[in-house]
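This briefing gathers a few local features of the chain shown below, grouped by topic. Please keep the structure open while reading, as each point refers to particular residues.

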Amino acid sequence: MQSPLPYTLNLGILAHIDAGKTSLTERLLHAAGVIDEVGRVDDGNTQTDSLALERQRGITIKSAVVSFAVDGTTVNLIDTPGHPDFIAEVERVLSVLDGAVLVVSAVEGVQAQTRVLLRTLRRLRIPTLVFVNKTDRRGARYEGVLRHIAERLTPDIVPMGSVPGIGTRDARFVPFTGDDGDRDDGDRVGGDRDGGDRDGGFTARLTELLAEHDDTLLAAYVDDPASLTYDRLRTELARQTRRALVHPVFFGSAATGTGIPELMRGVRELLPARRGDADGPVSGSVFKVERGAAGEKIAYVRMFSGTVRTRDRLGEAKVTGIGVFEQGANVQRPEVRAGQIGTLRGLADVRIGDVIGVPREGDRAGARHFAPPTLETVVSPLRATDRGALHLALTQLAEQDPLIDLRQDGVRQEVSVSLYGEVQKEVIQATLAEEYGLDVAFRETTTICVERVIGTGAAHEIIDTDPNPFLATVGLRVEPAPVGAGVAFRLGVELGSMPYAFFRAVEETVRETLQQGVHGWRVPDCTVTMTHAGYWPRQSHAHGTFDKSMSSTAGDFRHLTPLVLMDALRAAGTAVHEPMHRFRLDVPADTVGAVLPVLARLRAVPHTPTTSGASYRLVGDIPAQQVHALEQLLPGLTRGEGELESAFDHYRPVRGGTVPTRERTDHDPLHRKDYLLRVVRRTSGGNGSASGGDTGGGGRGGSGGEGATAAAAR
């Protein structure tokens, strides 16, 4: 039996860009005694922004882990990027969090990314505190920001104190004590503009909010209000915060340190620290993969239970080294135990989202919480000799970011990479130059569409029958499926009608082929049923040698399937859908007349506008490819006063004009003659067999389903 584990809390720091996440991380580390001096993002000397590129640009690109202790609880603090182009980093961190601190600027208030983040945190039931930063900055607000949070994020918030002197260097956070009669002792410091003036009403507001989520508390509030002591309310606040029902709001400044002790107390008392079971079954989740100086993979793992030790075998690989985060550093240790975050070396094939040991119930590691990237661009080396090195480098970058998809075009010798935005493109370019010594150029960024099946279509080709040159019978029926259902492959023939390897070859090829539909876009949601199947069994000459030209192989099925599937897709019909963003636009009322025609020109569809004083609010949908143009035009249209929020919402059929197509990177089964020239080494009449592929099992030829002809054996 091992010694008892300390309580641990895996805490994420999340925010919109420039809200002050990294500065807050520095201040928390300083308050915990991990660092002697607070680093500054502008000076490039922060603990978590370790990449040279992060220091140069002053933004967080990769998530980073630091650790510190607070009153017997080990806090593993994960600093995440704030720029929406790097939302994939946040995506992975969500799977390992016990709680989060969402940072909001007291000056700028709630931003588009803030809304996306809290919406996701609430959906995943991750306990979250809100920290309103920059209370010392000119223009900082108290009531205005609370109103902004309640309107744009959630009404389930509990302000935990007032801010005398807000908007000045003298701003300080005074926590509410529950004594409604006590005026805070500094409500006139610095002229206290909009800073909250007293505890008065705090207990009543807290009681009302908590009672909305608890019937017992509501009954006590109605029948016996005297029983609702502040201690009882504080206990209930912690319980509901840990259930992600309410969100305490703290104010302060990472620059001056005000409000930091109160936030740390809130983290300790209101968020759920746990003590793991080091003797339980090994269970962990890989949420980040990076490469060491020698190119080896380093896996970041959150352990939920059990213990992993050096030289333990995890699947086929053996752990060769372990690091554990302790007091701000990654320290080499012989083991990583439940509750801890550690780094594992030696796992050559590890990928983000992999489960270490057994999966835990409700594991979020493999789930997708944010929209996929909707942009792509072609990456080309400036030196032709770097083509192979570029592909290797991009493959390694994609391993570290699974939401980045690479498309290799063997015909044109090009590589496309999917993106969230232009900043991500710049970072990829700089990373390739600095870490791999590769200078690259990008083509114009284009939008990634999808193709959806409209109706039902079927096609089949029979073995030994023109124009089929392959020793295989394949029939497929394609039908639409609900949005989000994915691709389902079903058998409409008997499983025993031919070797399983051939069925597997057909299914794998169907899924691969659907990455490029009739117009070249991915087909995401459909059901494909195999309706015909047939093969020629293994044939041998008298002296026992295998005759490939007379025997079906898996290669025959892999080469024939794209032709049949494309015919079925054309029969069913597909429609190209483009990604749409839901936008929210606040503009001065006198500028609406100038804004609406621009929205129409950009193919945006606003809904009924609403008014608020001298401001108009427009909510609607806009094609993703037009969002950047709207961002560029908005300041001029609204005297710089317009506020735009947008985020991916859905796909919509392309309307009017030319249907967008995507250059194919496969052998183009839409054009049969060219396709056959690329995949068949020789064609002899109607019976030339495709070369390569796995051989199937022996036995007689089989057939199955809807008119399939018997697979004749020679």
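A polar atom in the side chain of Thr-307 lies 2.9 Å from the backbone oxygen of Ala-278, and this is a feature of a predicted model.

- Thr-307 belongs to strand E12, which covers residues 307-309.
- Thr-307 counts as buried because its relative accessibility is 5%, and the cut-off for that class is under 20% relative accessible area.
- The distance of 2.9 Å between the Thr-307 side-chain polar atom and the backbone oxygen of Ala-278 falls within the 3.5 Å used for a polar contact.

**Helix H1**
- Helix H1 spans residues 21-31, and eight of its eleven residues are buried, so the helix is largely enclosed by the rest of the structure.
- The buried residues of H1 are Leu-24, Leu-28 and Leu-29, together with Thr-22, Thr-25, Lys-21, Glu-26 and Arg-27.
- Gly-33, which follows H1, has a positive phi near 85°.

**Ser-162 in strand E7**
- Ser-162 sits in strand E7, a run made up of residues 161-162, and with a relative accessible area of 0% Ser-162 is buried.
- Although Ser-162 and Phe-251 are 89 residues apart along the chain, their C-alpha atoms are separated by 7.8 Å.

- Ala-244, a residue other than glycine, has a positive phi near 60°, and its place is the loop that links helix H8 (230-242) to strand E9 (247-251).
- With a relative accessibility of 1%, Ala-244 counts as buried.
- Asp-464 is likewise not a glycine, yet its phi is positive at about 65°; Asp-464 lies in the loop between E26 and E27.
- Asp-464 counts as partly exposed because its relative accessibility is 40%.

**A cis peptide bond**
- The peptide bond that runs from Asp-466 to Pro-467 is cis, and its omega is near 5°.
- Pro-467 is placed in the loop between strand E26, residues 457-461, and strand E27, residues 473-480, and Asp-464 is also found in the loop between E26 and E27.

Methods: Residues numbered from 1 in each chain as written. Predicted model: local features only at pLDDT ≥ 70, side-chain atom pairs only at ≥ 80, totals over all residues. Heavy atoms only, no water. Helix = DSSP H or I, 4+ residues; strand = E, 2+ residues; numbered from the N terminus. Buried < 20%, exposed > 50% of the residue type's maximum accessible area, 1.4 Å probe, protein only. Polar contact = N/O pair within 3.5 Å; in protein donor to acceptor, adjacent residues only side chain to side chain.
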